[in-house]
Each structure stands twice: as C-alpha cells, then as structure tokens.
Amino acid sequence: MSTVSDLRITLDGSERVVPGGTTAGQALDADGRTVIAARVNGELRDLAGELRDGDVVEPVAIGSDDGRAIMRHSAAHVMAQAVQELFPEAKLGIGPPVENGFYYDFDVAEPFTPDDLKRIEKRMREIVKQGQLFARRPVSDDDARAELAGEPYKLELIGLKGAASHDDGADVEVGAGELTIYDNLDAKSGDLRWKDLCRGPHLPSTRVIPAFKLMRTGGAYWRGSEKNPQLQRIYGTAWESREKQDEYLRLLEEAEKRDHRRLGAELDLFSFPNEIGSGLAVFHPKGGVVRKVMEDYSRRRHEAGGYEFVNTPHITKGNLFEISGHLGWYKDDMFPPMEVDGGDYYLKPMNCPMHNLIFRARGRSYRELPLRLFEFGSVYRFEKSGVVHGLTRVRGMTQDDAHIYCTREQMVDELKGLLAFVLDLLRDYGLSEFFLELSTRDESEKFIGTDEDWAEATAALEEAAGASGLDLVPDPGGAAFYGPKISVQAKDAIGRTWQLSTIQVDFNQPKRFGLEYQAADGTRQQPVMIHRALFGSIERFFGVLLEHYAGAMPPWLAPVQVVGIPIGDTHVPHLERVADRLRERGVRVEVDASSDRMQKKIRNAQKQKIPYMLIAGDDDVEQDAVSFRYRSGEQKNGVPIGEAVEEIVKAVEARVQI
Ligand SMILES: [Zn+2]
Ligand SMILES: [Zn+2]
C-alpha cells in the first residue's frame, strides 16, 4: 500500500495511477503480475483515474479476484462491441462478470447460432489485438439519454439510477453517483470505436485480455423477470493466462463426463419423470439399492453413536410453523398450503419443529442429556424452477437429520464428538479432503440470543474445529439469525468443493417451543439445540458421490458388485454356483447369460462400471476356479472359487476404493 505522491506516472499520454514498478506501457505489481486497476481509498478504479495527494492506492493485478472480474467484465464489453459491429440492430442489455467468465445480453430478432459465435469470437480477437483504450467519461443524465437514445434497455437503467439492484445485475451499469460512459478509442488515432453506459472500472486497453473463449448462448429475461422481453445471452470465459484457461476447459470437460444427471440415466439409477414434476426424483432399482446401502450404513453408525431413532409425518398444520417461526422467515421456500378441515396444512421444509415436540412430549431431566434424535426425514422446499438441478438441488429430499439437545456444559464436548463423527463417516464414503467454514453473526443485523450465548457457542464451534486439525475459513456475517454454524466442505476427485455437512447451534427454537429440562439442582433450564445433517440430503450426497467417482462406485456401494461372464453357454451353470456362494455372503451379483458374445458382455459390464467381472471357461470349470477381470482392466486367472469369494467379500467389508 502506498500513497499516490510516489506513484504518479504517465502512460499512453495520460496520467495514471501505477503503484509498484513500471516498464514502458506496462505496470507490474510486486509479484510481477500486470496491474490493470487500482483500489483508491478502498474503491475500485480505472488506472486512468485522477488522484489527490494523500489518496491511498493499492494495485489490482490481473490474476487477483478483483482483477479477474474487471478483466472479464471488460471482455464482455469487447464482445458487445463485436456483436454490434456484426449485428448493428442488436440492442444492449447488461454484461457483468460471473464466476469463471462473463456474459452480455442482447435484444436480437433471432437467437445466435454456433456460426455467429465463431464470427463474434473472431471479431473480438481483432479488437483485442488492436489494443483499443477504455476511456471513462462522466455524463449528465440528459446527455446520457440523448447519446443512448437508440438503446431502450440502457435508457431504462438510467431511470433506475440510485435504485439499481444487484439481484438483476442493473448495478453493473448505474450506481447512485454520476453516470459514466466508457468509450473504446483507437489507440493511435483516438477515434471512437464503440461506447457503453457503465460504472466501470475496466482494463486500460483491450490488449490486456490474455485468454478468452465464447462458451454458449441461451435465453434470459430482461432483468430476470418473465414479464419482460426475452433477450439472448452469450456466455464467455476469460483468464489471466492461456494455461489457466486450458486448465479450466479441461476441468469443464471432466465435469461434463461426471455429470450425475447423465450418469443417473446411463447407469439406470434415477430419473425425474415429467408427470411428477421438477426437482422430484424417483430412484430405480439400481439407484434404490445404492441408497439403501447408504442408509443402512448411516443407521448403523448413528446407532453406535448414541442416537435414538424417531419418525415424523410429512405434513402438518400451519400452527406448528407459526410456533417455530418458519412461516415468518422461511415461507417463500415452502410449498403453498393445502386446505384441510378448514385449516392450512403444509409440507414440512424441515424436521426440527417435530423433533422439538418429541422432546417436549414429557418432562426431561438432565440425566437424559445429551438427547440425540435421528430421522431420515423427507422434506419439501419450493426451489425456483431455474435453480433446480439434478439431485443436487431438488424440491423433495430426505435428510439424514438429527437434533441434539444438551446442557451448556456439554456443548463443547458434544460438538467435538459430532465433528469427529461427521468426518469419520464422510471418509468412509471415500471423501478425504476437507476444510471447515465457520459462519458467525453480522453485528449490525438482528439476531436471537444474548451476546454471551453467541460468544460461547462460537467459541465451542471454534474449539471443535481446532480439535479436528482441519483448516477453518471464517465466514463472518454468514450465520443465520438464530445461531452460528460450521459447515464441512469436501473436495472431490477433480478438486471441486461441495458443501456437505452442517452443524448449527440454535438459540431460537428452544425458546419458541419453551423447551426445558430439570437440572441437577432442581431448577428448570433451557437446553442447547444443535441441528446437524451429515449428507445434507441423501439425494444430494448421492449426486456428489456419483460425480466424485465418475459413476464407478467402490465395491461396497456399487449397485451390482460382481458380474459373471461365461466364455460359452456351457459355463453358465458353473458361474451360477459361484454367484450363489457370493449371494450367501450378501454380495450383489448377476450372471450374464444373454446371447451376446463375450467381448460384448465385457463391454456392457464396463459401461455399467461393475467393480468385478468373473470370467469362466473350460479351464476354470475343470479347476473349480474363476478368472478375475478388474475395473482397471487387469486380469487374474485360475483363482479358486473360495479365494475369489473371500477377496470380494473382504473388499466390500473394508469399503476399499478400487
Ligand atoms: Zn463496463
Ligand atoms: Zn433442524
């Protein structure tokens, strides 16, 4: 961080804020990265901005989060310029940076074709090469209206000044302060090439966009409302280096191969029938058996972990959610009520209120605490149709939900034990890289519970996190109004982060439900309540595992664990006998007695990602043996049947990854 007096230099004929060392026409930060903008007194600004003595200037380099966003947003400008040069009748919507890239919306008569995208991308490369300058120009509202008379959407944004919302992206263009237009100027002649209403900041020059690619198009309603015209959105990606972009494109390709929606259909695991509705999955037999294995194992672990099993209905009178407060703060996420017997009934979005009623069903003593109530509870949430996504964002799901009621003194130990339990279970499912996020309260917002409550619960969560040895990322202001929480983030096989388990302390519900227990000294006390779901929901966790394993589930979770493949029809009875011995040991096994040729059967088993193929021919029948063909393609011939059965059973029991 430096003050401006050291840093004023002249570039391209104008005075610029260039912190750090400079070379001709290029500014580099201490790490040798190109500086493309600056934070002046905390506010993001163009490099071309004027400075006053005493201004505090921090360089913004291209690879930083801010730098990427500015570079991507500038790429959106270049795209819009290219589009208007090629399609002069196109009207401009907005063009913000998004995760990994940018988009711009256009009002055009026809949707863009893949060929159009190629032409636009080519034109963009020319603009980038020309090194056009982004020049900021403040304008009065009237001048802006006159200059942009041909751009109806921009005119609408000018009218929004001061009220522009971040939700629909309008604040990219207009803020509360003065309006600005950015002119794209020819670097040599200074001639105007294009312009756009925008708050900025932008790159100094189009040349500073190191790598970009247009990705896809789609329809998008103006300002996100179905009542408005539909525009055509073009998405692009842009990166600070070619290598970063290639890495990202490879990851996308890998993610595409692992898309659980695709795998779900290919492996016949689940589907979303139109007749049932968006975000509501049905599990087919092969998905159903995986789900059963997941549930059985989870039940066993919960039983061993001191949980008690409860069961509650899917619908309830509205009154319950009035007591819990959900109708006050969660109503938008709930399905609308149905009227029954003159009253409103709701599908439950959460199980907690019902568990509270179980706690309250009779007097409780401190001797019963901690009381851990567990349920595979099905809940329904009214996710917007636009955000529903495969199994990872659904409208109906089953949570592996538990509520723990304990004394304040028990809270730290309970949270420590809980976090260890969570991580242990997730590791059994083959996830191994985790970090934690601690969501604490925003001091300025309304919350339930005293300062001491929050401090104590936050300290307890911190202590539990510390004991886990994992990295803890603070999330200040991220807590719900009713208590702090820890969420467990897991990295999958290709490095993506998934939020899985949450452990949430709650000061609100015990109070609203008047929960209490009799303490050792005879007084009535309010218990601490902890919400926790380890998978999150079975559906979501199923989807995450499917992507993590790219469909090749470890033997213990695979829907079909073993398939017997006869070389000829005469070897079928031999494999049936092997299959029976495996079934006796609880192994899920099939024998492929179809009329397909052996090579086809092997290919089918590979496509189904079955962990073990047992192949048998004359030699195997003679020696009472089988030949293994593993998922890796490796082969092991002439394995005595007893040994083969033991190898498979052991691998399943040990939950090995292969
Ligand atoms: Zn802009
Ligand atoms: Zn809960």
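Trainee: Which residue in β33 is the bridge partner of Val563?
Mentor: Glu590 is the bridge partner of Val563. Keep in mind that this is a predicted model.
Trainee: And in what sense do β32 and β33 pair, parallel or antiparallel?
Mentor: Parallel: β32, residues 562-566, pairs with β33 over three bridges.
Trainee: What's the strand order in the sheet?
Mentor: The order is β33-β32-β34-β35-β36, in an open sheet of five strands with mixed pairing. At the edges are β33 (589-591) and β36 (635-640), each pairing on one side only. On average, neighbouring strands are turned by 25° against each other, ignoring direction.
Trainee: Which strands does helix α15 lie across?
Mentor: Helix α15, residues 572-584, lies across β32, β33, β34 and β35, and runs at about 170° to β33. Helix α16 (598-607) also packs on the sheet, where it touches β32, β34 and β35. The direction of α16 makes about 170° with that of β32.
Trainee: Switching to the helix pair. At what angle do α11 and α12 cross?
Mentor: Roughly 40°, with the axes of α11 (411-428) and α12 (451-468) coming within 8 Å. The two helices are therefore oblique to each other.
Trainee: Left-handed or right-handed?
Mentor: The crossing of α11 and α12 is right-handed.
Trainee: Which residues meet there?
Mentor: From α11, they include Leu415, Leu419 and Leu423; from α12, Ala457, Leu461 and Ala464 are among them. By class, the contact has twelve nonpolar, one polar and two charged residues.

Methods: Residues numbered from 1 in each chain as written. Chains lettered and ligands numbered in written order. Predicted model: local features only at pLDDT ≥ 70, side-chain atom pairs only at ≥ 80, totals over all residues. Pairing = 2+ DSSP bridges. Helix = DSSP H or I, 4+ residues; strand = E, 2+ residues; numbered from the N terminus. Axes fitted to C-alpha atoms, helices over the stretch in contact; angles between N-to-C directions. Contact = placed C-beta atoms within 7 Å. Parallel < 35°, antiparallel > 145°, perpendicular 65-115°, else oblique. Left-handed = near helix turned anticlockwise from the far one by under 90°. Nonpolar A, V, L, I, M, F, W, Y, C, P; charged D, E, K, R; others polar.
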